[in-house]
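Work through the exercises below with the model open. Each task is followed by a stepwise solution.

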Amino acid sequence: MSGFQRLKIVRKTGLVGSVAVLALVAFTFSGSPLAAASCRSDAMAGIDWRECNKRLLMLGGSNLDSAMLYGTDFTYTDLRGSSLKGTNLEKAKLIRTSLAEANLQGANLTKVEAYRSDFSAADATNAKFINAEMQRTKFENTKLDGTDFTKAELGRADFEGASLNGSKFSLTNLSRARFEGAKVGGPVDFTNAFLLLTRIEGVDLSTATGLEQKQIDIACGDAKTKLPSGLTVPASWPCAEDPDDD
């Protein structure tokens with residue numbers, strides 16, 4: 001049934017002008033081209049691009065603060081240097097997307113798909129990456145203070161030089177991830193994190209919480225790695241360099 005047919009039915013029932021008509025009109029056009037018009041709108045703060053197709057675009061330097069980007073597909077899109085403060089990116093596709101030097105302070109990236117994406121030198125302070133799929137993602141020199149990676153998939157992710165003060169990695173897969181040069185200050189939570197061959201050479205983990213000996217035993221550190229009180233250096237350290245297979 002079309003929108004106009006629905007309106008004819010409403011007129012016949014004598015409800016024109018009532019609150020019921022307004023509600024029906026809003027419902028009728030909610031999935032129509034009128035609702036999809038925002039997908040064609042230019043980038044701006046507060047834009048509603050939820051579930052829009054924004055693949056393969058050059059959007060570097062855009063202002064998308066507080067935007068609604070739920071389920072939006074940004075695969076291969078360039079968002080370098082963009083501002084996305086407080087933006088809702090839940091379930092967005094960021095596959096091979098560049099967010100280098102972007103501002104993601106307080107953004108919601110829960111359940112995003114971000115395989116091989118680039119967050120290098122971005123500011124993701126207090127952002128949420130809960131249950132995110134982010135294998136091989138780059139976080140070099142990224143500000144991740146207070147960032148929540150609970151239950152995220154971060155296999156082979158690169159955190160070299162990142163700031164991780166008070167971040168959460170509980171129940172996170174960090175197998176073969178790299179943390180060399182990372183600043184792990186404050187109570188960074190590694191409770192039940194999977195640290196198989198995780199590179200922690202030279203990293204100061206003395207203030208980290210939730211670490212157990214069984215996690216350290218399968219990680220890769222060296223003589224400069226500092227562990228929390230009660231944990232010891234495994235005999236298997238240092239590890240051989242792991243080839244970065246494609």
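**Exercise 1.** Classify Asp-73 as buried or exposed, then find its salt-bridge partner.

Solution.
- Asp-73 has 14% relative accessibility, so Asp-73 counts as buried (under 20% relative accessible area; exposed is over 50%, partly exposed in between, 1.4 Å probe, protein chains only).
- The side chain of Asp-73 meets that of Arg-55 in a salt bridge, 3.2 Å from N to O (a side-chain nitrogen of Lys or Arg within 4 Å of a carboxyl oxygen of Asp or Glu).
- Arg-55 is partly exposed, at 37%.

The model is predicted: local features need pLDDT of at least 70, side-chain atom pairs count only at pLDDT 80 or more, and totals for chains, interfaces and linings use all residues. Residues are numbered from 1 along each chain as its sequence is written, and side-chain values use heavy atoms, without hydrogens and water.

**Exercise 2.** Which salt bridge does Arg-178 form with Glu-241, and what network are they linked in?

Solution.
- The closest N and O atoms of Arg-178 and Glu-241 are 3.1 Å apart.
- Arg-178 is partly exposed at 22%; Glu-241 is exposed at 54%.
- Both belong to a network of salt bridges that also links Glu-160, Glu-180, Arg-199 and Glu-201.
- By this rule the count comes to 9 salt bridges.

**Exercise 3.** Which residues does Thr-110 touch?

Solution.
- Thr-110 is buried, with a relative accessible area of 12%.
- Not counting residues up to four places away in sequence, Thr-110 touches Leu-89, Glu-90, Lys-91, Lys-128 and Ile-130 (heavy atoms within 4.5 Å).
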